[in-house]
Amino acid sequence: MATPKPLQSVSRAIGIIEYLAAQDHSGVALGTIAKDLNINKATVYNTLATLREHTWVEQDAETGFYALGDGIIPIANYQTSTQQTVDLLRPYLARIGNRFNELVHLGELIDTDVIYLDKVEPDRPVRVVSEVGRRATAVTTSLGRALIGCLDNRDQQLERYLAAPALLAMEQSYQDTIYASVLDNFERLDREGWTEDVEENEPGITCVAVPLITGTGNNIAVSISAPAERMDASYRSEIAKGIRDELAAIPRSDKIRLRPLTSA
């Protein structure tokens with residue numbers, strides 16, 4: 001079967017919806033939308049007219065500005081499989097957070113990045129600051145290394161992740177260091193079930209991550225991040241074991257499981 005070609009009109013409409021979702025509720029002028037998205041003004045007008053017919057977009061009668069309409073409510077209320085997984089795992093993240101009193105993250109791969117889906121904050125005066133929705137170059141993070149390490153043909157797929165723009169912008173010596181560290185982490189993942197980054201993603205911060213295999217094929221990972229001064233090798237190993245212990249309690253019926261160890 002031939003590779004399907006994206007429909008430009010659909011892509012354009014989605015782009016406008018995503019653009020308006022990031023704007024103020026007071027709306028945006030037609031000319032501004034066209035300029036910001038670099039789309040012909042007449043084309044934007046016609047696309048908006050179609051979206052208005054489906055109440056996905058509304059136009060202010062006084063200003064003429066466009067904003068999202070009530071038609072998007074069913075989409076906004078829809079709970080994706082990823083959100084269902086986040087909700088299911090939140091109690092386990094809380095247990096891990098209570099056990100170690102460190103910052104806990106849940107993340108998944110997106111493009112060549114890892115994105116933070118959820119977090120549990122520690123009750124400490126000195127802690128790592130983060131945001132849900134933040135992205136980081138996957139190969140420099142423990143989360144990303146855990147997730148890439150679970151991919152089929154990971155050695156071949158690794159090349160794509162090593163070509164991440166943020167990494168290619170760094171000195172070659174740094175790129176070489178990251179590559180070597182990723183391979184070391186793959187070995188640890190197979191042997192012990194966890195990965196780490198020691199101040200490789202962010203100076204002063206060290207992280208440990210454990211991957212989970214999901215029934216959807218969109219795998220996720222759980223990590224703990226803390227100031228490097230607290231995260232010596234012994235503590236990192238203790239944290240990894242603790243994360244795996246807590247995640248091992250997930251019922252089989254939830255179709256989420258720890259990645260099996262594949263080497264002694």
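Two strands pair if DSSP finds at least two bridges between them; strands (E, at least two residues) and helices (H or I, at least four) are DSSP runs, numbered from the N terminus. This is a predicted model, in which local features need pLDDT of at least 70 and side-chain atom pairs count only at pLDDT 80 or more, while totals for chains, interfaces and linings use all residues. Residues are numbered from 1 along each chain as its sequence is written, and side-chain values use heavy atoms, with hydrogens and water left out.

**Strand β4 and its partners**

- Strand β3 (residues 103–110) pairs with β4 in the antiparallel sense, over seven bridges.
- Within that pairing, Lys 119 in β4 is the bridge partner of His 105.
- On pairing with strand β5 (residues 135–137), β4 again runs in the antiparallel sense, here over three bridges.
- Arg 135 in β5 stands opposite Ile 115.
- Strand β4 (residues 113–120) is largely enclosed by the rest of the structure, because seven of its eight residues are buried (buried means under 20% relative accessible area, exposed over 50%, and partly exposed in between, with a 1.4 Å probe and protein chains only).

**Loops with a positive phi**

- A hairpin is formed by β3 and β4, with two residues between them.
- Asp 111, in the loop between these strands, has a positive phi of about 55° although it is not a glycine.
- Asp 111 is exposed, at a relative accessible area of 52%.
- Asn 153, in the loop between α6 (142–148) and α7 (154–162), is not a glycine either, yet has a positive phi of about 50°.
- Asn 153 is exposed too, with a relative accessible area of 57%.

**The nonpolar cores**

- A nonpolar core is a set of buried Ala, Val, Leu, Ile, Met, Phe, Trp, Tyr and Cys residues joined through side-chain atoms within 4.5 Å.
- The largest one has 28 residues, and Leu 212, Val 222 and Leu 247 touch the most other members.
- Among the elements that give two or more residues to this core are α5 (81–100), β7 (205–214) and β8 (220–227).
- Helix α5 provides the largest share, six residues.
- A second, separate core of 20 residues includes Leu 143, Ile 148, Tyr 161 and Phe 186.

**A residue in helix α2**

- Thr 32 sits in helix α2 (residues 30–37) and is partly exposed, with a relative accessible area of 35%.
- Thr 32 and Leu 106 are 74 residues apart along the chain, and their C-alpha atoms are separated by 37 Å.
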